[in-house]
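User: I am new to reading protein models. Can you walk me through one, feature by feature?

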Amino acid sequence: MNNDRPLADRIALVTGASRGIGRAAALGLAEAGAHVIATARTQGGLEALDDEIFAATGAHATLVPLDIRNGDGVDQLGGQIFVRWGRLDILVSAAGDLGQLTPTAHLEPRTFERAVAVNLTANFRLIRALEPLLRKSDAGRAVFLTTGVAREPRPFFSAYGASKAGLDNLVSAWADELAHTSVRTVLLSPGPMRTRMRAAAFPGEDASTLPAPEALVPDLIDLVRGDREPPAYFRFGASS
Ligand SMILES: NC(=O)c1ccc[n+]([C@@H]2O[C@H](COP(=O)([O-])OP(=O)(O)OC[C@H]3O[C@@H](n4cnc5c(N)ncnc54)[C@H](OP(=O)(O)O)[C@@H]3O)[C@@H](O)[C@H]2O)c1
């Protein structure tokens, strides 16, 4: 294996690729040799990412503007990946919705439903559409961005925390179903990262004290390379 390009010839889908952790993940995977299929709603963010990928690698990403709550769109994306590549080696599911930080009883129903739709239901739809493609890979890897709040509930974070707790349960059950296959799943808890979501959650915080999302990339590459057995749960920055 080429150590400069450990993901050469791998096909990787990254959601939430228009900014933040998803954007850094997409660029990092491309620099490691993967062909990246990048999705999010913001076309301009995807195009800026593609410019960066092209400048760094000389190759273009495949851009798919999509609201990840659109389950039919997710199904169509799976079909297009099958037609073009016949398999998927890597999924990085980074699209996320913070909901609103407010007492639970004050949450607008549509805000709660949006958090569940993006953080939980969309991941079910990705699993449903992509499992056959990940199984076609010799070593499919599916990474889902989660949060410590999923396991340690925090006041005012209930839309975000409950939907991410659902994600943790969903992915853990799916992981057990896949134990006899070559597909592996990872729940990746990044800890505080300097992104728009973090700034929305903690507006008074000095963002310069937080790691940039690019700091996550070396660990992410280790988690998705096919020649390593990844842990089912990975907390960035934890000593073990
Ligand atoms: N930053 C942190 O400190 C932190 C800590 C723990 C966990 N996380 C998790 O890490 C992941 C990335 O977070 P981040 O901090 O990078 O957030 P961010 O900067 O706010 O980026 C969120 C991404 O999700 C996409 N997205 C949101 N709603 C979408 C929708 N309906 N359809 C398609 N894409 C959608 C956004 O793209 P568009 O708006 O262009 O659609 C954007 O690319 C999230 O799952 C988050 O929960 C982050």
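Analyst: Start with the core. The largest nonpolar core has 64 residues. Ala12, Val14, Ala26, Leu29, Val36 and Leu91 have the most contacts inside it. Helix α4 gives this core its largest share, 11 residues. This is a predicted model: local features need pLDDT of at least 70, side-chain atom pairs count only at pLDDT 80 or more, and totals for chains, interfaces and linings use all residues. Residues are numbered from 1 along each chain as its sequence is written.

User: What is a nonpolar core?

Analyst: In soluble globular proteins, nonpolar side chains tend to be buried together. Here a core is a set of buried Ala, Val, Leu, Ile, Met, Phe, Trp, Tyr and Cys residues joined through C-beta atoms within 7 Å. Buried means 20 or more other C-beta atoms within 10 Å of a residue's own; exposed means 12 or fewer, and partly exposed lies in between; C-beta atoms are placed from the backbone.

User: Is Gly28 buried or exposed?

Analyst: Gly28 is buried, because 22 other C-beta atoms lie within 10 Å. Gly28 is found in helix α1 (residues 20-31). Helices are DSSP runs (H or I, at least four residues), and strands are too (E, at least two), numbered from the N terminus.

User: How far apart are Gly28 and Val217 in sequence and in space?

Analyst: They are 189 residues apart in sequence, yet 5.9 Å apart in space, C-alpha to C-alpha.

User: Where does helix α4 kink?

Analyst: A kink of about 50° lies at Leu130, shortly before Pro132. The bend is the angle between axes fitted to the seven residues ending at a residue and the seven starting there.
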